[in-house]
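Hello,

Here is the structure I promised to pass on to you. Have a look at it first, and then read my notes below.

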Amino acid sequence: MTPAKYKSITVEQIARAMIATSLNRPGRSDVYHYPEMMRSDRHGAHIIHRMSRHITLSLMLLSMAGAALTAQAPQPAPPAPAVYANLNQLMRGVLYPAANVVFFPQFENPANVKQASDPGMATDPLTSTFGGWQAVENASLALAESTTLLLVPGRMCSNGVAAPVTDPQWVAFVQEVRDAGMEAYKAAQAKDQEKVSALSEKVSTSCEHCHRKWRRTQANRCK
Ligand code: HEC
């Protein structure tokens, strides 16, 4: 858009101005107004007309090329998701409570859990509206989903060290939790108490693998 204080000029006027300045080169680079430039224009109108057609065509080709380039340009990468919790808080708030529900069938059959008197407000998923085996299914899925959060860049550990989220060993430990969670989900769907109990072992071992390497003393963790 041409700002209101400038007047728009036509393609033909641009062509005239180009010819005028090439025939009568200004002494120094400066801002010229169209009427000033035209004062020096004494030459053939038909050259100007042909040139203006060239410019129109070039502009058209340029805008077509621009459109093609835009279509082919790779999309910019979406911004990394924001991080709100440090690693300890993420573990306490998301992985730990989910894992405990997955561990429950080791001790009791989820089918026998009574619903809370107000299941819609229950704080224990097993006694909630989505309780019993469904709670174990959901907790297994929550564990599997939560592993994605363990890979978000920018997560800090409680001692101020960045979680090593791109370290191949870290990524492998995260994958262990994800796989164990998805296996537990399938066993929970089948309401197979023995199998979920065996998989609980696998889940806790997967947590332990990472803790053994990266959650030692407060000072050296995540290093
Ligand atoms: C890829 C590595 C990794 C995996 C996998 C992992 N953790 Fe952690 N976890 C850590 C680290 C590192 C810390 C310490 C974080 C900090 O200091 O901020 C931690 C801290 C914790 C804490 C907090 C302990 C405290 O003293 O407050 C809990 C609870 C926990 N993890 C549970 C789990 C459970 C349950 C699983 C498996 C379902 C799991 N973690 C899987 C790396 C991992």
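Of the 223 residues of the protein, 20% count as buried, meaning that 20 or more other C-beta atoms, placed from the backbone, lie within 10 Å of a residue's own. Please keep in mind that this is a predicted model, in which local features need pLDDT of at least 70, side-chain atom pairs count only at pLDDT 80 or more, and totals for chains, interfaces and linings use all residues. Residues are numbered from 1 along each chain as its sequence is written.

The protein has 7 helices and 0 strands (DSSP runs numbered from the N terminus: helices are H or I with at least four residues, strands E with at least two).

Now to the ligand. Around it are 24 residues, with N88, M91, S158, C207 and C210 the closest; a residue counts here if its C-beta atom, placed from the backbone, lies within 6 Å. Two or more residues each come from α4 (87–103), α6 (168–189) and α7 (193–214). The largest share, 7 residues, belongs to α4.

The helices α4 and α7 also pack against each other, at an angle of about 155° and with axes 9 Å apart (axes are lines fitted to C-alpha atoms over the stretch in contact, and angles run from 0 to 180 degrees between N-to-C directions). That angle is why α4 is roughly antiparallel to α7, a term for angles over 145 degrees. A99, V102 and F103 of α4 meet S200, V203 and C207 of α7, where contact means C-beta atoms, placed from the backbone, within 7 Å.

Best wishes

Note on methods
Buried ≥ 20, exposed ≤ 12 C-beta atoms within 10 Å, placed from the backbone. Parallel < 35°, antiparallel > 145°, perpendicular 65-115°, else oblique. Contact = placed C-beta atoms within 7 Å.
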